[in-house]
Structures are given as structure tokens and as C-alpha cells.
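Subject: Structure handover

Hello,

Here is the structure I promised to pass on. My notes on it follow below the model.

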Amino acid sequence: MTNAIAGTQLLDGEVVDDPYPFYRRLQAEAPVWEAGGTGVFTVSTFELVAEATGRVDDFSSNLLCLLYRGDDGLPCRLPFSEPDVQVLATADPPVHALHRGTVFPELVAKRMDALAPDIAEIAKRCVRDAIASGTVEFMSTIGNVVPITMISRLIGFQDADPEQLLRAAFDSTAMLGSTLTMDELVARVAHLAEIQAWIAEQLSSAMQEPADDLIGAVARGVDAGVFSEFAANGMLQTLLSAGGESTTSLLGNAVRILAEQPELQQHLRENLDLVPAFVEEAVRLEAPFRFLMRSVPRDTRLGGADIPATSTVLMLWGAANRDGNEFERPDEVDLERRAPRHHLSFGRGIHYCVGAPLARTEARTVLTVLLERTKSITLDPEHAPRWVDSLMVRRHEQLPVRLVAR
Ligand code: HEM
């Protein structure tokens with residue numbers, strides 16, 4: 001392994017904003033790279049990320065720490081002591097299967113396809129209002145609205161305030177963003193107590209009379225003794241943040257790509273059946289979660305590099321998706337790729353995103369409505385798009401666009 005790449009590169013502001021040149025360098029020089037002796041490693045090639053997802057005994061999904069930016073600009077680890085934090089996405093076998101088995105049937109593709117008319121209705125309302133304004137901030141008017149509304153309905157939250165849920169979803173992923181200082185990170189963690197208390201109340205009502213929704217399924221799991229109420233709360237929080245945050249990123253990223261490429265935009269408008277292929281390309285090119293973490297329970301090796309026990313590994317889906325050894329013209333939109341879903345944005349293996357069918361249905365539906373109802377989508381020349389300051393989340397904080405009605 002080479003030490004030629006400075007550890008501070010990982011959290012460098014320019015790299016956070018545009019990580020792709022850095023990813024290419026990692027792939028060429030150090031596919032498994034340790035950020036300056038911190039015990040934080042990155043894995044950046046498609047082959048090695050795919051391999052590591054399959055080695056669940058060597059690369060545990062247990063969340064044992066959060067990352068923050070140290071005074072020296074290097075990533076530092078804040079250990080997590082709560083054992084019950086290991087739920088669903090952060091659980092390893094055999095517990096993982098119990099958690100996944102509870103939520104999976106609620107989110108299968110067939111059920112999600114049936115939601116398309118509901119999604120289209122919300123999308124049409126948002127798009128109509130946005131078009132009436134002409135120039136809009138896409139995220140707050142459309143991109144952030146649809147996913148949080150749908151996940152809240154699917155979970156079955158009662159009397160939910162979408163703004164509060166969205167803030168909670170963004171707070172959860174901000175904890176994984178790795179760019180905060182330690183004080184900021186600790187403040188974010190403390191802030192989550194509010195939503196945890198609210199979810200606990202929702203769960204306790206659902207347990208009185210479990211309905212045919214996600215919270216009902218989770219309540220039945222608690223009742224049957226499959227997992228604790230505390231774990232159930234964590235699962236619901238995971239569903240809220242994973243479902244509320246990620247698809248927002250995908251929608252914004254897809255719309256920005258369309259705004260930057262008018263010919264592609266027009267081609268899709270005339271061939272709406274290509275929208276699903278475009279969704280896969282958008283999610284490949286800008287992985288909404290650039291990485292997720294793994295912890296290393298025992299000394300291991302990957303790609304010829306030693307990774308000692310207790311290390312933290314960032315599986316860089318965002319880098320793997322643009323690996324030139326796996327994808328031809330990896331930085332370009334290609335609507336005719338032979339295997340359009342052959343990317344790692346939804347992970348791989350036992351933790352493969354359980355919400356992928358919902359995300360795909362939402363993205364297809366919203367983009368179709370948007371293309372059908374507009375003549376053009378362009379970036380607002382006066383206000384450039386802005387990214388969220390996060391090493392993990394690839395989402396536009398602001399995406400001002402001009403929409404011209406058809
Ligand atoms: C574009 C949207 C989305 C992206 C890019 C995305 C990405 C991912 C990724 C990369 C993983 C794998 C995690 C790992 O291996 O550590 C994952 C797992 C997961 N996702 Fe998504 N996700 C999206 C949408 C959703 C939605 C809408 C939901 C909720 C309905 C959701 C819920 C979950 C859950 C619960 C897991 C954990 C599954 C398990 O551990 O078995 N995701 N997601």
C-alpha cells in the first residue's frame with residue numbers, strides 16, 4: 001500500500017465537492033488505502049468493493065463508530081457503545097435476517113409498482129406548482145417532498161409533520177457525513193433523541209392495534225419476541241432516514257444531469273420508455289450514498305493489503321460505479337448498457353437495499369411527470385447548484401432550475 005496520498009485528501013473540501021478525480025487516483029495507486037494512519041480505510045475498485053460485501057465475517061456491518069473531522073483535517077473515530085444500535089442495515093447474521101425478513105415483504109417491487117399512481121399524484125401537484133413559479137429550487141419544491149411523503153405513508157406514521165421527518169432523516173445521515181467537528185457531531189447525535197421519542201410513541205400506538213403497514217409489521221415482530229422494542233425503534237429510524245434521504249439525492253442528481261444535457265433531456269422526453277434506464281445511469285453516476293461503513297473484527301487482507309482488526313472501512317460505491325475496468329465510458333450517461341443495474345449504488349449481497357424498488361418507482365414516476373409536463377429544464381444561471389457538505393451523502397442542498405411548461 002502506498003502512502004503517497006495524503007490522509008487529509010479524504011476530507012479536503014474540493015474532494016468532498018467533486019470526489020471523482022480523487023477516486024480515480026485511489027483506484028490507480030491504492031485500491032485499498034488507509035487515510036494517514038487513522039485506521040480508516042477506503043476500498044475503491046468495483047472488484048474489491050464487490051468482494052468485501054460478500055465477506056460479511058471479515059467486513060461487519062456493525063456500526064462501531066462515527067467519523068468526524070479532526071483538527072488536523074484527518075478523519076477521526078468517535079466510538080459507539082450502544083450494542084442495540086445494530087439493527088437491520090447495521091446488523092450481521094443471524095440477527096440481520098430476522099430484521100430484514102420483517103420489512104422485506106412490505107417493500108417488494110410488486111407492492112411498490114402499485115404505488116406509482118399515488119406517487120404520480122404527488123409529483124403532478126409538486127410539478128404543477130413549480131412550473132407556475134418558473135424558476136424554483138428543485139429540492140425543496142419536488143425532490144425532498146415526494147420521498148418523505150411516501151416513506152411516511154408506507155411506514156404508517158400518524159399525524160406526521162413532513163418537515164420534522166425530513167429534518168430527522170437529514171440529521172441521521174449527517175451523523176454519517178464525516179465532515180463535522182466532534183462537537184457538531186455530538187450535538188447531532190443528541191438531537192436525534194427527539195425523533196426517537198416520537199417514533200417510540202408511534203410504535204407504542206401501533207402495538208395496540210398493528211395495521212397492514214411497516215410499523216404494524218415491526219410491532220408484530222416485537223410482540224412475537226423477534227426483537228426488542230428498542231431495536232424496533234432503530235429499524236423504523238433506519239427506514240425513515242434511508243427512505244427519506246436517499247431518493248431525494250437521486251431525484252436532484254437526475255434533474256441536474258438532465259438540465260446539463262439538453263439533448264439527452266429531449267431524447268428522453270420523446271422516448272419516455274427510456275426513463276428507467278436513465279434512472280439507473282443517474283444512480284450509478286452519482287451514488288446517493290457514496291459509501292457505507294464496515295468494521296473489521298479480525299486481521300484480514302483485501303486486494304493484497306493488510307487491514308488490521310478494529311479498522312473502519314469505507315466501501316466507496318461512488319468510486320466503484322465509475323471504475324473503468326468495469327464500465328465502458330464510466331463517466332458518461334449510456335442508456336444502452338447491457339446490464340443497466342450492474343452498479344453498486346444499492347449495495348450488494350445480504351444488505352442489498354431493501355428500498356430499491358420504492359426508490360426506482362419514485363424516480364421513474366417523478367422524472368416521467370416532469371418530462372411530460374415541461375418543454376425544458378435548465379439550471380438557473382444566477383444561482384449555481386450547491387452540494388451538501390458530506391463525505392457520505394451526494395445530495396444537492398440547493399438546485400435552482402427553470403422549468404418551462406409544455
Ligand atoms: C436512491 C435511493 C437509495 C439508495 C441509493 C440506497 C442505498 C442503499 C445501500 C447502498 C444499501 C446497502 C447498505 C450496506 O451494504 O451497508 C442500502 C440498504 C438499505 N436501504 Fe437503501 N437506498 C435507497 C433507498 C431506500 C429506501 C427508499 C428505503 C426505505 C424504504 C431504503 C432502506 C434501506 C434499508 C432498510 C437498507 C438495509 C438493508 C439490509 O441491511 O438488509 N433505501 N440502501
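Strand E2 (residues 40–43) pairs with strand E9 (residues 312–316) in the parallel sense, over 4 bridges. Thr42 has Leu314 in E9 as its bridge partner. Two strands count as paired if DSSP finds at least two bridges between them; strands (E, at least two residues) and helices (H or I, at least four) are DSSP runs, numbered from the N terminus.

The model is predicted: local features need pLDDT of at least 70 and side-chain atom pairs count only at pLDDT 80 or more, while totals for chains, interfaces and linings use all residues. Residues are numbered from 1 along each chain as its sequence is written, and side-chain values use heavy atoms, with hydrogens and water left out.

The sheet: E2 and E9 belong to an open sheet of 4 strands in the order E1-E2-E9-E6, with mixed pairing. Strand E1 (32–34) and E6 are at the edges with a single partner strand each, so one side of each has no neighbour in the sheet. From one strand to the next the twist averages 25 degrees. Helix H3 (residues 46–54) lies across E1, E2 and E9 and runs at about 125 degrees to E9. Contact here means heavy atoms within 4.5 Å; axes are lines fitted to C-alpha atoms, for helices over the stretch in contact, and angles run from 0 to 180 degrees between N-to-C directions.

The cavities: there are 3 cavities of 30 Å³ or more. A cavity is a set of points on a 1 Å grid over the protein atoms alone where a 1.4 Å probe fits but cannot get out, and its lining residues have an atom within 4 Å of a point. Points are joined across faces, edges and corners, and a volume is the space filled by probe spheres set on them.

- The largest cavity holds about 50 Å³. Strand E6 (residues 291–295) gives the largest share of its lining, 3 residues. Ser61, Cys65 and Thr312 are among the lining residues.
- The second largest cavity has a volume of about 40 Å³. Helix H2 (residues 20–29) supplies the largest share of its lining, 4 residues. The lining includes Tyr20, Arg322 and Asp331.

Cys353 sits in the loop between helix H15 (317–320) and helix H16 (356–373).

Regards

Key: 1 Å grid on protein atoms, 1.4 Å probe; cavity = no way out; pocket = protein on both sides within 12 Å on 5 of 7 lines; lining within 4 Å.
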